[in-house]
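Hi everyone, thanks for making time this morning. I'd like to walk you through one model and the side-chain contacts in it.

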Amino acid sequence: MPKRCQKFQMDYLECRMKNNLMEKESFEKLGFNNKTSWNTEAEMKKDLFKKLVEIHKMADRNIYRMKGYEYVDNNIYHV
């Protein structure tokens, strides 16, 4: 989530916790951390692309393993 929105969401959740509308939890457990936040849309897209590349690589490795081939990492994305 964008960091500009994160503050509002954290304030909302903190208010709910103070008024006993939800259990008190750390914000890290609720998913607020540097890995899940970004400053710009470009950062978000770059982060999502990296995740997609890793998922694609895992899928390739699994397919090669199931077929009995030796996996060769031909990283064409250079991420």
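I'll go through the aromatic pairs, then the salt bridges, and end with a surface patch.

First, the ground rules. This is a predicted model, so please keep in mind that local features need pLDDT of at least 70 and side-chain atom pairs count only at pLDDT 80 or more, while totals for chains, interfaces and linings use all residues. Residues are numbered from 1 along each chain as its sequence is written, and side-chain values use heavy atoms, with hydrogens and water left out.

Let's start with the rings. How many aromatic pairs does a search of the whole structure find? It finds two. To count as a pair, rings of Phe, Tyr and Trp (its six-membered ring) need centres within 6.5 Å; planes under 30 degrees apart are stacked, over 60 edge-to-face, and the rest tilted. One of the pairs is Phe 27 with Phe 32, which is edge-to-face at 5.8 Å centre to centre, with 85 degrees between the planes. The other brings together Tyr 64 and Tyr 69: their centres are 6.1 Å apart and the planes sit at 65 degrees, so this pair is edge-to-face too.

Phe 27 and Phe 32 are both buried. Tyr 64 is partly exposed at 34%, whereas Tyr 69 is exposed at 51%.

Staying with Phe 32 for a moment, look across to Gln 6. Those two residues are 26 apart in sequence, yet their C-alpha atoms are 7.7 Å apart in space. Gln 6 is found in helix 1, residues 3–18; helices here are DSSP runs (H or I, at least four residues), numbered from the N terminus. With a relative accessible area of 11%, Gln 6 is buried.

On to the charges. Side chains of opposite charge can pair when their charged atoms come close. We call it a salt bridge if a side-chain nitrogen of Lys or Arg lies within 4 Å of a carboxyl oxygen of Asp or Glu. By this rule there are three.

Helix 1 holds both Asp 11 and Lys 7, four residues apart, about one turn of the helix. In their salt bridge, the closest N and O atoms are 2.9 Å apart. Asp 11 is partly exposed at 34%, and Lys 7 is exposed at 51%.

In helix 2, Lys 51 and Asp 47 are also four residues apart, about one turn. The closest N and O atoms of this bridge are 3.4 Å apart. Lys 51 is partly exposed at 43%, and so is Asp 47, at 25%.

Then there is Lys 57 with Glu 54, a salt bridge at 3.9 Å, N to O. Both lie in helix 2, three residues apart, about one turn. Lys 57 is buried at 14%, while Glu 54 is partly exposed at 41%.

Last stop, the surface. Which residues make the nonpolar patch? Leu 52, Ile 55 and Met 58 do, over about 310 Å². Patch residues have over 30% relative accessible area and no salt bridge; nonpolar side chains (Val, Leu, Ile, Met, Phe, Trp, Tyr) are joined within 5 Å, like charges within 9 Å. The accessible areas come from the Shrake-Rupley method with a 1.4 Å probe, and for residues only the protein chains shown count as cover. Ile 55 lies in helix 2, residues 41–67.

Technical notes: Buried means under 20% relative accessible area, exposed over 50%, partly exposed in between (1.4 Å probe, protein chains only). Helices (H or I, at least four residues) and strands (E, at least two) are DSSP runs, numbered from the N terminus.
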